[in-house]
Each structure stands twice: as structure tokens, then as C-alpha cells.
Amino acid sequence: MKILVTGANGYLGQGIIKSLSDRGLDVIATDFKCDYVDKRAQSIACNLFEIDNPYDFFGHPDIVLHLAWREGFVHYSNVHIEDLPKHYKFLKSLVEEGIKKIAVMGSMHEIGFFEGSINENTPCNPSTPYGISKNALRLLVEMLSKQKNIPYQWLRGYYIVGNSQHGNSIFSKIATAEAAGKIEFPFTLGQNQFDFIDYSDFCNQVVAAVKQENVTGIINICSGKPERLADRVERFIKENEYKIKLKYGAFPDRPYDSKAIWGDSRRIEAIMKLDKS
């Protein structure tokens, strides 16, 4: 199985490619730069959107795992809308040229404001350019897979917990602030409840999902349970033995964030159970 992984040099790409390589899979990794990519993968630095024939260019991969996405933490950036047709053109070209399966990283922000557990049938009403663009690409990928009768997986990601300073999550920002010697970190009241999943678990779930063929469509990459943001951040600080303290109430909550939202984990739990058997 030859897997093309886009966005390979990013926070998610690094861990996912390591997990793929640990399992002995043949990985072609691509990004603008490949400085942090596991050396066991074949790395190709390029701009995806400037390649005319990506299927030939990347050596006829069996699967594409499309992680590439700019400014994912800037939810109102115009880049999301501007890049949408480019993502579609790239994936459409792979489908037309012979790729056997598409897997794309999605986001719980496609859902929009919602309270409760999200499953593959939960309606999407996104309210930011990021969520709108992700949801539009999801619908386009589903259409492409039906047209060519190939399987697709939409890997809907939730809130990742990791202490890498390379990411843009609140956890990465706290790790960066701690390393810089900061004593306080400006924070909201932290009352919202989200689905938090450790970085290594996230990467392993993505790999397990992509390498199997039985479960397709929308798959939540999640823990399956809600936890208060303040509780998870405080626990993160304690787990890593940081000295930094949270400055509660320095920022207001984002108006489009749900009060309590989490993923239905039944599909990914079934995948992980098979993966371990």
C-alpha cells in the first residue's frame, strides 16, 4: 500500500507519518518543506497546487491522505475560501488519474454551533470560512468518490492535546510560553466542554482508519467524551510539570463555540478494536 500524505511537515503530518512508517507502510510525504518529516518516508517538497498531473508526479499512490490546509487556526481567514477550489482540483485530478481511495482530514468546526454528541449523520451548519470550506470540500469529495466508485474517508478531527511547540493549539501555545519563561498565560473562563484527544492517540486513530477498508465515510477521530476546557488545560499543565499559571477571564469565549460538543466514538472504537486483533 503506497500512501501519499499531503501537509506532511505540519503538526499532524509529522506524527501521522511516523505512525505510518512504524507500521512499515510505503509513505510519500509532501509539503512546501519537509524538514520535520520522518526519514523513513520519501519526501517531496513542492506546491501541490502547481502540479499538473499529481498521480504521475507522486509515483501512482494507492491512497491519498490529504492533511494540507493553510491557516487552520485562523477561522475567519479568506485563505480558506481562496484555497477551496485548489484542494478540489488536486483531489479531482488524483481521482480521474487512478487513485484507489481518498482520505481527507476534516474538522468538528464543519458542524457549526451544536450541543451534544456528533455522529456521521449530524447536520452541518458551519459559521466560519474555515468550517464552511471544510464542509464544502467534504461534499465534493463524497461526490467524486461516488462518480468513480472509490471509497472515501472524511476524518473529522477534534481537539488535540500535545506539548509540541510547533502547533497552534492552546496546548502548543502554553508549551511555548512555558519554554519562554512566562509565568502567566491569558485564558478564557474555560467553561466550554470539548472532546480532547492526546496527540499520539489521534495519529494512531488516523492511521488505523486509513489502512482498513471496512469503515468508510465520516469517521470521528476523537475520545468520545466531553471535558471542560479549564480542567483539561490545568491537567495538561500538571502532567508536564509546568510552572505557568492561567490568567482566567483575560479573553472572552468565542461566540461561535458550542457550550458542550463531542464526537460519537463508536466507529473509531470498532476500527481500533479490529486494528489490535
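**Entry 1: cysteines**

I started with cysteine 203, which counts as buried at 3% relative accessibility (buried is under 20% relative accessible area, exposed over 50%, partly exposed in between, with a 1.4 Å probe and protein chains only). A note to myself: this is a predicted model, where local features need pLDDT of at least 70, side-chain atom pairs count only at pLDDT 80 or more, and totals for chains, interfaces and linings use all residues. Residues are numbered from 1 along each chain as its sequence is written, and side-chain values use heavy atoms, with hydrogens and water left out.

How many disulfides does the whole structure hold? My search found 0, taking a disulfide as a pair of cysteine sulfur atoms within 2.5 Å. For cysteine 203, the closest cysteine sulfur belongs to cysteine 222 and is 15 Å away, too far for a bond. I checked cysteine 46 as well: its closest cysteine sulfur, in cysteine 34, is 7.7 Å off, again too far for a bond. Cysteine 46 is buried, at 16% relative accessible area.

**Entry 2: salt bridges**

Next I counted salt bridges (a side-chain nitrogen of Lys or Arg within 4 Å of a carboxyl oxygen of Asp or Glu) and got 18.

I looked at lysine 18 and aspartate 22, whose closest N and O atoms are 3.1 Å apart. Both sit in helix 1 (residues 11–22), 4 residues apart, so about one helical turn separates them. Helices here are DSSP runs of H or I with at least four residues, strands are runs of E with at least two, and both are numbered from the N terminus. Lysine 18 is partly exposed at 44%, and aspartate 22 is partly exposed at 46%.

Arginine 40 pairs with aspartate 38 at 2.9 Å, N to O. Aspartate 38 counts as buried, with 18% relative accessibility.

Then I turned to arginine 232 and aspartate 198, which meet in a salt bridge at 3.2 Å, N to O. This pair links distant parts of the chain, 34 residues apart: arginine 232 is in helix 7 (residues 229–239) and aspartate 198 in strand 10 (residues 193–198). Arginine 232 is buried at 3%, whereas aspartate 198 is partly exposed at 34%. Through shared partners, salt bridges join Asp198, Glu227, Arg232, Arg235 and Glu239 into one network.
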